[in-house]
Amino acid sequence: MKLLRLSFSRICGYWHNHRLTFLLFFLGAMASSFVFLYFYGNSMNQTIAIEEDDLAYHAFEVWFDGNTPVTEEQLRCLDHYGMADVQITSKAELPPELVAKTPDQAPIEVSTARENGEKLNYPIFSSEQLEQGGVLADKVYGTDLSSITINGIQFPVVGTVDHGAGVLFLPFDTYMKHVGQAHYILFLSTDILSRREIKQALNDLEMAFPTMDGCQGPDANMDADRESQSRDLVDTCILYVVSLLSFLFLFKYLQDQSREEAITYRLVGISQPKLFALILSEVGVLSLVACFLTCVIHMAFYPSFFSKLNMTETWIPYTAIDYLIVLGSTVLLALLTSLPFILTCLRDTPIGLRNRYSV
């Protein structure tokens, strides 16, 4: 407590005797805290993905070495988890004149969606097109086609899509009747599943598709975002340190201006570790107050101002825990960053200080 009281007393002395320098340093510490807070929030990849309801967090993928027969029963193996849609794709054969119109390196495939994309609010076929049981063909094949032959079977063309990659879509019932194969299946859950549910769902897929070449759940994307978030957080810490270094020279200047007080402490017998702890506590108090005020301002004006500065249009929620993490991190980083400056203040002996400053 005595140490803190002395720290507050010295800080008040900075304010009264060197107000401009102290104010510049304190505003610099707040600016550094704003930098940390901003990049901390924008690096929360998992939180942003959840807020955006990223489909990658809903996706279970199954792939095969080639076209493999599939049944409706197999495609319902994850229904008890709640599926928004199941999309099936298989390699297809087209007449040579249509193959020539396919973009280079684009796979020739035909796809379907069990729920027609309606639960995702992106319906592929209209109700009239579904009744006709025909194909939606990419415009690259032409806009005047009345029919198209896929795998040797002729289908009426009920519409076109402006995709550019040569995609072909069939209604689910038509697909299962005339194609009934898949080399890639995408299951999209209605809600984001827990880690335990994802693990169980992957086991269910392995049981339902024993001949599959591989499968992947949304946990792979979650893990990738977590790793990216960790790297971004390290970059944020480095950026905060670099920003704070620009203003710690002002703190060093304040210490130099208070050298007579430091000489007095040394001459009356205060130990170097205690003087070190005193100056370190000043840095801790100032960084704590600066970051606390930064968090208060950020909370007060986040909806109206700071949210509009985010790198994404998605609302990034800051919780009380996030502010506590930012507060603790900035104080710790400020203490570590200030160590070289503090050590330079303690390098001289009492006699050396007296001779240097003629005290």
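**Close-up views of a predicted model**

**View 1. A nonpolar patch on the surface.** L288, V289, F292, L293, V296 and M299 come together as a nonpolar surface patch, with about 500 Å² of accessible area together. Patches are built from residues with over 30% relative accessible area and no salt bridge, joining like charges within 9 Å and nonpolar side chains (Val, Leu, Ile, Met, Phe, Trp, Tyr) within 5 Å. A salt bridge here is a side-chain nitrogen of Lys or Arg within 4 Å of a carboxyl oxygen of Asp or Glu, and accessible areas come from the Shrake-Rupley method with a 1.4 Å probe, with only the protein chains shown counting as cover for residues. This is a predicted model, where local features need pLDDT of at least 70 and side-chain atom pairs count only at pLDDT 80 or more, while totals for chains, interfaces and linings use all residues. Residues are numbered from 1 along each chain as its sequence is written, and side-chain values use heavy atoms, leaving out hydrogens and water.

View 2. F292, from the patch, sits in helix α11; helices are DSSP runs (H or I, at least four residues), numbered from the N terminus. F292 is partly exposed because its relative accessibility is 49%, given that buried means under 20%, exposed over 50% and partly exposed in between (1.4 Å probe, protein chains only). H298 also belongs to helix α11, but H298 is buried, at 4%. Setting aside residues up to four places away in sequence, H298 touches L37, F306, Y318 and Y323, where contact means heavy atoms within 4.5 Å.

**View 3. W315 in its loop.** Look for W315 in the loop between α11 (272–301) and α12 (320–345). W315 counts as partly exposed, since its relative accessible area is 43%. Apart from neighbours within four places in sequence, W315 is in contact with E51, Y302, P303 and S307.

**View 4. Helix α1 against helix α2.** Helix α1 (residues 2–17) packs with helix α2 (residues 19–42) at an angle of about 115°, their axes 5 Å apart. On the α1 side the contact involves I11, Y14, W15, H16 and N17, and on the α2 side R19, F22 and L23. Axes are lines fitted to C-alpha atoms, for helices over the stretch in contact, and angles run from 0 to 180 degrees between N-to-C directions.

**View 5. S32 in helix α2.** S32 is part of helix α2 and is buried, with 0% relative accessible area. Not counting residues up to four places away in sequence, S32 touches Y240, S243, L244 and F247.

How values were computed
Helix = DSSP H or I, 4+ residues; strand = E, 2+ residues; numbered from the N terminus.
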